[in-house]
Amino acid sequence: MPKSTSANSIRIRGARVHNLKSVDVDIPRDAMTVITGVSGSGKSSLAFDTLFAEGQRQYIDSLSAYARQFLDSMPRPDVDWIDGLAPTMAIDQKGGSTSARSTVATVTEIYDYLRLLFARVGTPHCGNCGASVDRQSPDAIRDALLAYPEGTKLMLLSPMVRGRKGAHRDVLESIQVAGLVRARVDGEVYLLEEVPELAVRKNHTIEAIVDRLVIREGVESRLADSLSLALRLGEGLVMTSIQGEADNWNDQIHSTAMACVECGSSIEEIEPRSFSFNSPYGACPTCDGLGIVDAKSNPRVCPDCNGARLNAQSLGVTIDGISIAELAAMNADESLEWLAGMGKGFSALHQAVADPIVTEVSKRLTFLQRVGAAYLTLDRSADTLSGGELQRVRLATSIGSGLVGVCYVLDEPSIGLHPADHDRLIGCLRELQRQGNTVVIVEHDEATMRAADRLIDVGPGAGAGGGTIVAQGTPKQVQAKRKSLTGRYLSGADHVPIPETRRARDQFIELRGVSTHNLKGIDARFPIGCLIGVSGVSGSGKSSLVRDTLLPAVKHQLEHGRKLAVRKDSVTQFDSIQGADLVDKLIPIDQAPIGRGPRSCPATYSGVMDEIRKVYAATREAKTRGFTASRFSFNAAAGRCELCKGHGVERIEMNFLSDLFVTCPRCNGKRFNRQTLQVRFKGATVADVLDMTVDEACEFFTNVPNVLRLLSSLQEVGLGYMHLGQSSTTLSGGESQRIKLGTELARVSTGKTLYILDEPTTGLHFVDVKRLINVLQKLIDAGNTVVVIEHDFDLLACCDWIIDLGPQGGRGGGRLIGEGTPEEIARTSDGPSAPFLAEKLGVKG
């Protein structure tokens, strides 16, 4: 790594965003820098809220004056100055605009190339009889229409515009020039002079009405002439609209280009949009391209497309007998293998068309392999990906883009990745850097820290106790700094202690014959009253076993007293469950957001806000004014600021960027109206309390037991740095999960509760992992059972029992590699987890 100078580094001076204390730091350009520190120390404030935010602001400043008029409210980070900053791009864990319509293939742009491939070299097949589709002559179309019963009313229409934006005045004029007087616009028939003004920014469909006639003797000549004109105007396409029962008109497309030679059915011209499940031209009409029906109440696979999302015509186009949906159902490894052997019978022209497309697809599939996401099928919905998986998919896209001179800012890309795959991920990050980019990573993973060119440790503590640079330099230099908590763990001076004994295991919840997703009919045992770790590489089946099988099976047993009924189309698949009656309560604690909007915050989710409102309602000032506890809720109209509706921010919709949130000018972000803020407790308003950290609030409410009990539980799970009123939209998945865990800790436990956690160490420093383990052990000491899906071997080494799945991800996984104590797995398992456990435990595998 070159020595950092002003010419080859990004220099940040006087950064004061959030808890940063006028931080000065140099980040070398064209190098890989890791920023680490305990949770809440200020890592993200430095990387995202200062470095990336300023890069985004500078980009906006470079736009035209017209574009900037919509962005005047974008705040400048609280920093003296930053220079040497390249264009910045954030690859974080946030879902962004991902929805059930986004898939791995669409996010990586692989699907765009596959649509082009199938449109250009695919072979269409008839949806009725399965025969290959050929061109249809005008005479064949005429004969098909004459075959309708006498008296049938029909319209001949020429498709002129099909689902395109614009006013289309020229199209309407061309219809008039052709001597026609009517058109059908967006399904409505108009005289040409009566067609309304069309919205420029909306999609429109326009068909010229060439003739309206009735099938009867002697109509042959007129039909032939009208058909000829319709085909000429429609450039080979003609739409027939046949009047059916109850005055309904049924449309059918005919083409001189594509028609079935067996049954005469025509299909539309095959285009790339014919394979888009986000377009009406490709989507299955029953499920609207989602692949499921009754998505909210009782989701089931769509019976018409069998979950393939596309209509019958699009699914009928194949290459070597494979449809685009069947190809998308493959993972990266399988897709690459299929592409390598594809098109042996192609003509020279088709081969020339396919080669560059296959090259682009293969390149992107290879990137998915290299970032450890090869087990993901291409049709996997993006909204089912974990934050780490989504980030790695985006990373693969970024590597494939070939951009240079960019500053990439990443947020813990190793999340959800087994240590066995870390080397490949680090190799991808290195490739991004070697392309001529600056890579800045917020990370807690030890392997990524050791691989960095520059390691910056922010701390020493969280919240007000952090915000300074404790150590920086090469990993070895940081390791030598005794004041650095990170350095002490890297050097081995500090470590997460491992229990000397494991708890007794004499009662179990047993699942048998589990075949959910990629699981291969496995049997698994979960000992009661223990800390149970489920390990394995990404995609090995951990979530399938715990979240998709154990959780619904136990939940149904507790609620209904009987086994969950399993159908063929059910997601959950298992033969039997025993021992579910050994627990009386089930609490899943995942990383889903604690709320959907800025109004949700740790105070409201944990319930501490209810107790705080009672405190304020009991003050003399509140009683004098007649204020009840509801007055101090920013969700109630009486007490909140009416301009921002209690959000504290106003939302500005951006046409070409994500929505922007700016501080409310009336309440200055305090959420409440002036009258409510006149009530004080110990000199602080309710808005002042929401601005406190959990640690500060514990001290403030030290004599209010009900409030202190709830706050102490949040403090116990390592959230002392967090502000009570922090918007849920700014919380990481790990923080959301710890808020849920802290909330559960504050509740009275039955001592027979089953807790299920999904990677609870997400976003945690070594110090925080030690604290989390203590919390989990406390739950188990009270008689409860805790199951964790985990990749962190500090936590796995502290488990009483481990269920190890693998050996690979996707179809190469789903097997039970071993189950037992960590020592037993380390000594006897041949899976990828064993050597990492052996290293932590100091035993020979």
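Trainee: Which residues line the second largest cavity?
Mentor: This is a predicted model, with residues numbered from 1 along each chain as its sequence is written. Local features need pLDDT of at least 70 and side-chain atom pairs pLDDT 80 or more, while totals for chains, interfaces and linings use all residues; side-chain values use heavy atoms, without hydrogens or water. A cavity is a set of points on a 1 Å grid over the protein atoms alone where a 1.4 Å probe fits but cannot get out, and a lining residue has an atom within 4 Å of a point. By that rule the lining consists of Glu268, Glu269, Glu271, Arg273, Ser274, Tyr281 and Gln313.

Trainee: How many residues in that lining of the second largest cavity are charged?
Mentor: Asp, Glu, Lys and Arg count as charged; Ala, Val, Leu, Ile, Met, Phe, Trp, Tyr, Cys and Pro as nonpolar; and the others, Gly among them, as polar. The lining of the second largest cavity has one nonpolar and two polar residues, and its charged residues number four.

Trainee: What is the volume of the largest cavity?
Mentor: The structure holds two cavities of 30 Å³ or more. Grid points are joined across faces, edges and corners, and a volume is the space filled by probe spheres set on them. For the largest cavity this gives about 50 Å³.

Trainee: Which element gives the largest share of the lining of the largest cavity?
Mentor: The lining includes Asp457, Val458, Gly459 and Leu485. Elements are DSSP runs numbered from the N terminus: helices (H or I, at least four residues) and strands (E, at least two). Those giving two or more residues to this lining are β20 (454-459) and α16 (485-491). The largest share, three residues, comes from β20.

Trainee: Is Ser727 buried or exposed?
Mentor: Ser727 is found in the loop between α23 (705-716) and α24 (733-745). Buried means under 20% relative accessible area, exposed over 50% and partly exposed in between, with a 1.4 Å probe and protein chains only. Ser727 has 14% relative accessibility, so Ser727 counts as buried.

Trainee: Which residues touch the most other members of the largest nonpolar core?
Mentor: In soluble globular proteins, nonpolar side chains tend to be buried together. A nonpolar core is a set of buried Ala, Val, Leu, Ile, Met, Phe, Trp, Tyr and Cys residues joined through side-chain atoms within 4.5 Å. The largest core has 144 residues, and those touching the most other members are Leu368, Phe701 and Leu776.

Trainee: Which helix gives the largest share of this core of 144 residues?
Mentor: Leu776 is one of the residues that touch the most other members of the core. The largest share, eight residues, comes from the helix spanning residues 766-781, α25.

Methods:
On a 1 Å grid over the protein atoms alone, a cavity is a set of points where a 1.4 Å probe fits but cannot get out, and a pocket is an open set with protein on both sides within 12 Å along at least five of seven lines; lining residues have an atom within 4 Å of a point.
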